[in-house]
Amino acid sequence: MHIEQIREYCLEKKGSTEGFPFNDNTLVFKVLGKMFLLTGLDSWEKGEARITLKCDPNYTTELRDQYTSVYPGPYVSNKHWNTIDIFKGELKPQVILQLIDHSYDMVIKGMTKKLRDSLL
């Protein structure tokens, strides 16, 4: 997968926006102001592409046990976030898209009913 494929997929999601809230290198995708994916653009240029996604705590551990390319990420809660090494090729693109969906859904699930309803 390439960063543009991930970018387009994220922006197709309802209420999704992109930005650089931390620095000029860290691209962040949010739904209604809440982060669901972040990635360092320099890692893509170096051939070390990684994305960090929100994840259910039980599923977080399961994914790490199942895949060597899924691991705790820096600067985020290791209980609720996983980093995925895209270029290792261990996870098929469809699985990566499903994990993006899961992250997006987890963020929405944690919102107030009023915010969730605003997406409808």
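Tutor: Lys 46 is exposed, at 56% relative accessible area, where exposed means over 50%, buried under 20% and partly exposed in between, with a 1.4 Å probe and protein chains only. Its salt-bridge partner is Asp 42, with the closest N and O atoms 3.9 Å apart; a salt bridge is a side-chain nitrogen of Lys or Arg within 4 Å of a carboxyl oxygen of Asp or Glu. Asp 42 is partly exposed, at 32%.

This is a predicted model, in which local features need pLDDT of at least 70 and side-chain atom pairs count only at pLDDT 80 or more, while totals for chains, interfaces and linings use all residues. Residues are numbered from 1 along each chain as its sequence is written, and side-chain values use heavy atoms, with hydrogens and water left out.

The structure holds 6 salt bridges. Another of them joins Lys 113 to Asp 117, with the closest N and O atoms 2.8 Å apart. Both residues lie in helix 5 (residues 113-118), 4 residues apart, about one turn of the helix; helices are DSSP runs (H or I, at least four residues), numbered from the N terminus. Lys 113 counts as exposed at 55%, whereas Asp 117 is partly exposed at 37%.

Salt bridges with shared partners join Glu 4, Arg 7 and Glu 18 into one network. Within it, Glu 4 pairs with Arg 7, the closest N and O atoms being 3.7 Å apart. These two are 3 residues apart in helix 1 (residues 3-11), so about one helical turn separates them. Glu 4 is partly exposed at 38%, and Arg 7 is partly exposed at 27%.
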